[in-house]
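This report goes through selected local features of the structure shown below, followed by some totals for one chain.

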Amino acid sequence: MRKRISALGLIGVAALILSGCAPAAQDSADTGTDSGSGGDTSSETVEEVTLSVWSWRTEDVEKYNRIFDVYEEANPGVTVEFEAFLNTEYNQILATGLEGSDGPDLAMVRAYGGVQALIEAGQLLAVDDLVDTSDVEQSLLAAATGINDGQLYGVPFATQVLQVFYNKGIFDEVGVTEPTTWDEFLEVNQAIEDAGYTPMALGAKDAWMLPIFHEIVGAARFGGPEFREELLAGTKDFTDPDYVASIEIVNQMTDFMVDDVVGIPYADSQVQFISGTAAQFPGGSFELGNFQTQAPDMDLGVYLVPPPPGSVSDKPLAAGWADGSFSINANTPNQDAAVDLLNWMASPEFGQLFADEIKQFSAIKGVEYTDPVMKEIGELFAAGPTQYINLVDMRYGDPTGSTVIGEGIQRMFLGDDTPEGVAQALQEGISTWFTPGS
Amino acid sequence: MKTQKKVGKLARMPFLTGTMFVLPALLLFSVFILYPLATALSYSFFGWKGTLRGDFIGFDNYLKLFSTPPFDTALPNAFQHNILLFVGAMLFQNSLGLLLAVFLHKIGRMKRLFQTMFAMPYLVSPLVVGYLWSLLLSPLFGPINLILKQVGLESWAHPWLGDPNTAIWAVVFITAWQWVGFPMLLYGAALGGIPDEVSEAAEVDGAVGVKKFRMITFPLLLPALGTVSILTFIGAMEAFPIPYAVGGSTGAPAGATDVMALMFYRTAFESGDVGSIGTSSSLAMLLFLFIFGVAIVLRYALSRGEKRLYG
């Protein structure tokens, strides 16, 4: 009896591990995208259309509703229903929704490598000839472009920028100001350390944070956009001496962090900065909202790390990327109305509403930011824009560039690897799927 | 033998009635376990573009796991950690569980209280336990290092989760902390099932203390030991929530806490590869077959061992 029970339980328990990986139906959906079939939605009589828009931003539902109210007012007959799902489950929910008949008309999709599966499965509508993207920051369109067919499948909505956040109160107390040269940068950090503060908060236990840190301190050293161009063309690779030197700079920075930084989780590093034990937080613009809510009294500043000696770039660089795009379901019955809405999402009006309501950086050019820190970040990015290569270009296969370099920097911090070794591992890792010049 | 026959007679009922009783469970089992299992198996033999199934590619997904980076290095690394979790659990968690069960069996009074206390962590979600311990062990704010420093054991203070040499042992420890109540309860029940006559007869024959435990109690616990070992094995091979809470999906630091389930999670849900459904399905299949195969062999070996002991 007991034997039988345990045998059954054994099958059951072991089988559970498999049930996690079952996407829904596998029939290849008919992906006819001929726009003529959308029907005659002529504008003579006002036709009632309800467009559903899916998103992973559960925290922004009301804000998006306010944004879409503006559109609904200008377009009688159109109702936009904004639905948000749990961020961590969104990819599965969306993939399943796009396969069936009850999917959304439009949806937020992940950027760059994150959207390729939907594109390859033919679930998104190519919008090259349907949407006017002239107001969108052109470098960001890659986020919604098919890596294989080069067609555009959406309009990016948000961008992130990398820089150093600092606590102006601590800077004043220590008597230092934003550094403008590499030597000043080292002096500032030394002075902060001497004053008993941790100069930099870094959560090196969370590997995803490390390529971000590398971009912040090293982008100017390896040469940002110029290097990226050569990397993609195949005339340089990650083992290039300038790239190796940029990883070496990351290693030198451990002098300005707490000991055993690989044991510090990301969340703890945020606490270090918010609580005022650390003076600086190298990180993405997505931190801003959290810092301002958690430490409302902190006087927050931002700056870019000055180019280290030997730098390829003669000015500091701010790495940026698109955070996601809005795309149209290839099977939507309301294609014309959806295209109209997406066109609006590519307009300055939407960009400004997005910036004002969501308080993030819009992908639309010429948007004005009221928050002084956001404004400053926007200016930094405009002065020295580059792209976060390991996210923007190196997430189209397995392993992703950011995973390999993240783990590599952890090994380097632990003394188990060298900058050359990390660069070598990165090059080897991405070489399994990345072919330059393609 | 006699009791077994009796059970068999009692349990006999018309075939149709029996089937009707089993049917609802069988239906649920088929829909939620067997069907996904079969689909995962079929997925693993195909190429994928997102959720769009491509051509039949035979064992290519499996070959990929063994021949291309990052899988060819991540797989042995993760597998080795699973084995380590199993060995660690057998050594610490289960022997401690046995020890506790023996002591509790002896004390009688307050037994319930202690049993409940030791089994309590087992009722908390392992994800919560994992996050709790990663806070306790935090080198910046964690009380553990602070206490070590304050009692003069400064040299013992250590970034437990940041050092690849200690991180996986921290996972073993946290798992043991949570699950020690489970072997304790099973052994406790088995100890309670040893007839007093046997115990008393042994004492009359002069077997006391360690000798009695070695010659009488322990052999009679073997069936429970078998069950505990198999369940521990399955648990260690499927470990996910605690390693995830402690080291994130990449098994930080630098893959030192990576396990098979984390690798599966990364491949299935965090990969940039459009064919990830195929690769991750084959990984899940491999893990399933390994767990299933070893569990069957273990079960068989144990039942043979039991037969030899009891005749």
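Predicted model: local features only at pLDDT ≥ 70, side-chain atom pairs only at ≥ 80, totals over all residues.

## A covered helix in chain A

Helix α4(A) is mostly covered, with six of its eight residues buried. The buried residues are G113(A), V115(A), Q116(A), L118(A), I119(A) and E120(A).

After α4(A) comes G122(A), which has a positive phi near 70°.

Most residues other than glycine have a negative phi, and most peptide bonds are trans. Y112(A), which is not a glycine, has a positive phi of about 50°. Y112(A) sits in the loop between β3 (106–109) and α4 (113–120) of chain A. With a relative accessible area of 1%, Y112(A) is buried, because residues under 20% are counted that way.

D260(A) likewise is a residue other than glycine with a positive phi, here near 50°. The loop that holds D260(A) runs between α9 (241–252) and α10 (266–274) of chain A. D260(A) has a relative accessibility of 45% and therefore counts as partly exposed, the class between under 20% and over 50%.

## Cis peptide bonds

In chain A, the peptide bond between D398(A) and P399(A) is cis, with omega about 5°. P399(A) belongs to the loop between α15 (389–392) and α16 (401–413) of chain A.

Chain B has a cis bond from A252(B) to P253(B), where omega is near -5°. P253(B) is located in the loop between α12 (241–247) and α13 (260–269) of chain B.

## Helix packing in chain B

Two packed helices are described by the angle between their axes and the distance between the axes. For helix α5 (residues 111–119) and helix α9 (residues 181–192) of chain B, the angle is about 145° and the axes are 8 Å apart. The crossing of α5(B) past α9(B) is left-handed. On the α5(B) side, Q115(B), F118(B) and A119(B) take part in the contact; on the α9(B) side, they meet G181(B), M184(B) and L185(B).

Another helix of chain B, α8 (residues 164–179), contains F173(B). F173(B) has a relative accessible area of 44% and is partly exposed. Between the C-alpha atoms of F173(B) and W133(B) the separation is 10.0 Å, while the two residues are 40 residues apart along the chain.

## A nonpolar surface patch in chain B

A nonpolar patch on the surface is formed by M13(B), L16(B), M20(B), F21(B), V22(B), L23(B) and L26(B). Together these residues have about 750 Å² of accessible area. One of them, L16(B), lies in helix α2 (residues 15–43) of chain B. L16(B) has a relative accessible area of 62% and so is exposed, the cut-off being over 50%.

## Totals for chain A

Chain A contains 17 helices and ten strands. Of its 438 residues, 55% count as buried.

Key:
Residues numbered from 1 in each chain as written. Chains lettered and ligands numbered in written order. Heavy atoms only, no water. Patch = residues over 30% accessible without salt bridge, like charges linked within 9 Å, V, L, I, M, F, W, Y side chains within 5 Å. Areas by Shrake-Rupley, 256 points an atom, 1.4 Å probe, with all protein chains shown as cover. Salt bridge = Lys/Arg side-chain N within 4 Å of Asp/Glu carboxyl O. Helix = DSSP H or I, 4+ residues; strand = E, 2+ residues; numbered from the N terminus. Buried < 20%, exposed > 50% of the residue type's maximum accessible area, 1.4 Å probe, protein only. Axes fitted to C-alpha atoms, helices over the stretch in contact; angles between N-to-C directions. Left-handed = near helix turned anticlockwise from the far one by under 90°. Contact = heavy atoms within 4.5 Å.
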